[in-house]
Structure formats: structure tokens, C-alpha cells
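Subject: Structure for you to look at

Hello,

I am passing on the structure we spoke about. Please have a look at it first; my notes follow below.

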Number of protein chains: 2
Amino acid sequence: MARVRMRDVAEHAGVSVRTVSNVVSGYRHVSPQTRARVQRSLDELGYKMDYLARGLRSGRTGFVALAVPFLAEPYFAELAQAVIKAAARRGITVLVESTAGDHEAERRILEGGLTNVADGVLFSAITVPAADVTATAPDFPLVMLGEHDVGDRFPRVGIDNVAAARTVVEHLVAQGCRRVVALGRNGSENGSQRAEGYRQALSAAGVRRVNWLVEPVEDWNRAQGYEAVSRLLEGSGPLPDAIFAFNDALAVGALRALDASGVRVPDEIAVAGIDDVPESAYTHPPLTSIAPDLDAIAERALTLLDEQGRVSDGQDTAPRSARREATPFRLVVRESSLRPPPAP
Amino acid sequence: MARVRMRDVAEHAGVSVRTVSNVVSGYRHVSPQTRARVQRSLDELGYKMDYLARGLRSGRTGFVALAVPFLAEPYFAELAQAVIKAAARRGITVLVESTAGDHEAERRILEGGLTNVADGVLFSAITVPAADVTATAPDFPLVMLGEHDVGDRFPRVGIDNVAAARTVVEHLVAQGCRRVVALGRNGSENGSQRAEGYRQALSAAGVRRVNWLVEPVEDWNRAQGYEAVSRLLEGSGPLPDAIFAFNDALAVGALRALDASGVRVPDEIAVAGIDDVPESAYTHPPLTSIAPDLDAIAERALTLLDEQGRVSDGQDTAPRSARREATPFRLVVRESSLRPPPAP
DNA sequence: GTGATCGTTTGCATCGATGCAAGGTCGCGA
DNA sequence: TCGCGACCTTGCATCGATGCAAACGATCAC
């Protein structure tokens, strides 16, 4: 049973190949009878489009590449799932690439390693500096996902990190926390944004500067969260009364370290994170977090890709403006940050 | 800056297109000088292979499709990551498809929805019955991943589920547990295998049948684990002294339910799962589990795909034998199942 | 009746690379 | 010197679909 081509269908239906193509692609001017006959042949022979051939000829493949640092990190897995779902609604297939947080791998993406195959690229970068993106100046549709801002040339979709961080910390402060430690690193683009939100919230609440502390971590995963908090607990300084983790993975590690040391959460230390990954509802205690609307992010990102595609096809005159799309998020309050009201 | 084709490179280097192709593909009989000159042109013009065109002509695309039910489930995310890594080592790109556990979606995979684009398919199915796979009889390289066994026609790669379950339950029994509840469903293929291992271990340990109990759950995720254990705790029967969850997601849900009800783990109830997903090292308390060797699975699966590819190209006489590859696993013991030795 | 118009169908060239097999060059043994 | 094989290079057809524009027939207005 060899592959069925349009030619085979055409012969079977007694029409030209072009007509079969017209039927398949839903071209308007095909008589009902012809359409019906061709359709019957299509079904009977079990025709399946060769996407490669179509892609070669038409220049559009129906693929979109999604590049994330670590597919196994829950946040990115969720994001990927959302993108795949949104893409499926548009009849688009997703090509998932994992850069492993490797600088070289990220550069390769920008240099168009996937250009021929994918109609566009959704790129969630962590190492590539903004300057590199603008310098490389990719000539294919590209949308940056999440936190990493790359300046004017390409749109970015994600939550407003400053606002998100501020929201969490405001909540912690409202719970009576004063000495709030930030767990993260303000070296990266999004790290410094979250640090900024942290500072804004504390400063606005009139918390004395001496109580501010950003505990640096290299990677935002569970292990580093665990280590950082262990360090903190072993240290000689006064203990914080709250931990604001730059993401939930760090918070999960933090919770484990606190649990292992017998520190009660939230009574002694409140904890909150950002991302609201699924496991955050199952931690001990359940974790307060910021829930981004991943479906909205995926949806918007694909739309922006589409628009870029049309722009570069048609009127190239319209300047690709840098749209920084801030998608909605909400604060999800769970036990980890719920402190009893202070004694009256 | 339009796309650079082989033709452009050929003109630039003063050779034929075919020679450029020979250089790119590493054909032996190319003189060093020619190769060097062409190579220089390649670099200078920044040539990038058009994978679509090559795929169309040669029939091989360099893509492998990976179909999983839920990419956002940690186990599958880890698996996908492992496959992507292993594929990258072979210069293969992975196309990730998410079936959402939908029966129709799984059927579509088997009917070759990706055949043209991918050289082969790695399929982690959960709903499609084995009979369907053999009935549909896909005519493309296919390797089943994980638990689902589909009979003789296609190889399957994964751990031995019976042995894995037996190992966990043996461990629980060795910790002194007698009334071990299994959390899962023995309707599915791999469910019944894990149930079988559970029975074997209890029976071999001489545990009385009255103490056996399989608590059914629809989907193997955190929420259902939580609900099932909540039901269990609300019930009137005697409490178990251990819970064996068919996977870690269920175990995580179970731990949360126990925590919420104030049941101490492992003192009152020991808990263990299968998969050893990353979060299992961070639960409260850390979860005992079975760690499959995902890298080995990915590696082996790709090798088997390769072999099928060659078989169907060359001598098709060799019968595609059903190799059920049992990859190694190990028991990872953590606090959740460590009970104090019984009083002397 | 005739030309214009619309709707429908078709043929041919083409996307960019590789399979195939022939053509050319060179060196070497007879 | 000729013939032969080894090595290198090339031209042409081709993979399967779509872009383009022409051809065809029927309908319609004049």
C-alpha cells in the first residue's frame, strides 16, 4: 500500500490534479458535482496531504517552532501544552525545541536553524541578552515568550513581571510580614524586573531598608531553592518572616528546606512564588502564587506570529513595532502565606 | 537578504549544484580543493539546508514525532525532554504531539497523521486498545513507549511494570505494612500490570487477602489521588497502613490529602509511587518511588525506530518481531515509606 | 448573432534538494 | 600508445503539491 498522491486521486476521479488540489484546499469555484466526486475518491483512496511538498511549494508549512530552556520544568511544560492546544485550534503543528538553557543553542535558534521548516518561532529565552537578538536580527517571524525582553524589534508576550512581583509582596506585607527575603537573582532580565516589583512593594509599604534581602540563586529550580534557604537558616542573621520566591520551583525547594528544618509555614515564615504551577496546589502547605494566563499567552503569541507573517508577505512598509503584550495574571492565595491576624 | 540556495552557492564557487550537494552531504569523492572552495562559499553566503526540499526528495526528513497524552504531566515532560536530548545527539528533531488522552487523537496518530513529516513515531498511548493498533496496522516505523503493550507488530520500550510494582510493594511489606491499598485502576493495560505486581508481592509475603484493596481512579493525576484518599479517609473501614500509588502524581495527591487530614506519613500510613518525577524529592515527606531510566528508554526507542526504518527500506523479508524492551529501574527510598522498626 | 463576463477546469512551470547514471580526467599497467 | 579502472564532477529527471494564467463553456446584455 504505497502512498496515495493527488495524481492517483485525480485519475480515480477522472479530473486533473489541479482540480483535486482545488477541492482539498477549499477553492470556491468548483462545481458541486465535481467536488462530490473528487471527495469520494479522496475518501475511498484514503488520501493524505504531503505537508513537505506543500510546504516546499507554498512556502508555508503549518509548523510553528517553540523553543524553551527546559521542557521538564513544570512552567515550561505547561506553557508548551498551552501552545500546542492553541496551535491545534488553528490547524498548526508545534515543533518543540529544548535549548537546555544553553547559550549556543539559543543563538542557533536566532540564527534561523528552524526557518525553513517553521513558519515562525516562539522563543522563550533565558541566556541570550537582548542585544544579541537585535544584533542577529532574525528575518523570520519571531515572538518572544515570557520574561525576556529583547527590545523593539520583536513583540514579547508575557505577564508584567514588575506588577506580578509587587502584587505578591504587597500580599505578604498585608499579612503582616516585614522582613521579606527575595529568592532569585537580579542578573537576568526578568530577575531584575521581579526584584524591582519586590522593592516597589516594600518601599511603598514603608518597610525599612534594612529588612530587604535578595538571596541570589543561579538557576530557578527546586534544588537551588532548597540550598538557598538552607543557607539562610544556617546563617547567623535574624530569620525572615516571609520568603518571596521568584518562581514556584524555588518556592517548592524553599518549602522543603523549611520543612526539613522544622520551621513552620506560614506561622514562622510565610512563602509565596510566581507561576502557579500545578504542583503548587499540593505542596506542604499549599503555595500562594501568581497564576499567569497561559492560554492567553499562547493565543496572543500565535496571533502575533500570524501578523508578522502577513506583514512580511504583504505590505512590508508597516514598521514592526515592539508590542509588549502584558497578559493578565491573578494572585492565588493559599495556606503558605496566610498568617493569623495579629493579636489585638 | 533572501534565502541562500545551493544554486547560489554553486554559482559563487563556480561548480555545479550537485557538487555543492556532495560537499554538504559529505560525499567521499570530492577533491580537497573543491571541497575547500565550496565550503568557503557555504560559510560566506551563510547557506542553510532546506529540510523540506531534502525531505521531499529523499524521503527522510530527520524528524521524529513523539506523541504523549499530557505534556504537562511531569512524567511525560521528563520523557519528552529525554527524547529530545537523545534525538539531538543523532541530529534528529522532535515533533511533539499532545493527544490530551483523547481517543480520537490517538487513533489519528496511528492512522499516520504525521507520516509524511516524520520518519517515525514514538507513541505513548493510554486509551487506544492494543487491538486497535494491530488492526490499523500502521505502515510506518512506530515504537510504543511506556506501559502500553500492543502485541507483536511493534516494539515497546519501557520498564517491566509488574516487576516495578512488585518491588515497591515488597519494600512496603518489608517496612512492616500489611494493609496496603493500591491507588489506581486495573482497567488499562499498564494499570492491570501494576495491579498484578501488587498482588504478587502481597501474596508472596503471605498477606491475607482481606487486606488487599485497589482503590479505583479514573486518571492518574494529583487531583484524583487527592480525592481517592479523601474518600478512603472518610470511609468507615479500617485505615490502611500503606498506600501504593500507581504513579507519583497520584501519590502527591494522596500525600496532600493525608496532610490535610492530619494523618502522619509514614508513621501512620506509608506512601510510595512509581515514576520518581522530580517533585517527588520535594514532597512532604519526600516520596519513595521507582525511578525508570528515561535516558535509556529514549535511546533504545530511537535505535529501534532506526532499525525499523532500515528494515522497511531494505530487506522487508525480516519479520518485525515484537521486542519488548524492559529498561532498568531502581527503587528510590525516601522518608514517605520509612517506618521505625517495630518495638522489640 | 456577437462579444463580454463569469464560473469552472486545466497544463505547465516551479519550489530546493537528491537519485541516477553518464561524462570527463587522470594514472597506470600492458 | 592504448585500454581500463578509479576518481571526480556534472546534467537531467524527479519528489508532490501549488502559483499562474490560459482555455473552455455557458450565460448574459446588447
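**A buried arginine**

Arg179(B) is buried but takes part in no salt bridge, and Asp241(B), the nearest side chain of opposite charge, lies 7.0 Å away. A salt bridge needs a side-chain nitrogen of Lys or Arg within 4 Å of a carboxyl oxygen of Asp or Glu. Please keep in mind that this is a predicted model.

Where does Arg179(B) sit in chain B? Its place is the loop that runs between helix 8 (161-174) and strand 6 (180-184). Leaving aside residues up to four places away in sequence, Arg179(B) touches Val210(B), Asn211(B) and Leu213(B), as well as Pro238(B), Leu239(B), Pro240(B), Asp241(B) and Ala242(B).

**Where the two chains meet**

In the contact between the chains, 47 residues of chain B meet 46 residues of chain A. Together the two chains bury about 4000 Å², with 62% of it on carbon and sulfur atoms. Leu52(B), Asn116(B) and Tyr282(B) supply 20% of the area that chain B buries against chain A, more than any other three residues.

On the side of chain B that touches chain A, at least two residues each come from helix 4 (51-58), helix 5 (74-89), strand 2 (93-98), helix 10 (222-234) and helix 11 (248-260). Strand 2 of chain B gives the most, with six residues. By type, the residues of that side are 25 nonpolar, 11 polar and 11 charged.

Best regards

Technical notes. Residues numbered from 1 in each chain as written. Chains lettered and ligands numbered in written order. Predicted model: local features only at pLDDT ≥ 70, side-chain atom pairs only at ≥ 80, totals over all residues. Heavy atoms only, no water. Helix = DSSP H or I, 4+ residues; strand = E, 2+ residues; numbered from the N terminus. Buried < 20%, exposed > 50% of the residue type's maximum accessible area, 1.4 Å probe, protein only. Lys, Arg positive; Asp, Glu negative; His and termini not counted. Contact = heavy atoms within 4.5 Å. Buried area = accessible area lost by both parts, 1.4 Å probe. Nonpolar A, V, L, I, M, F, W, Y, C, P; charged D, E, K, R; others polar.
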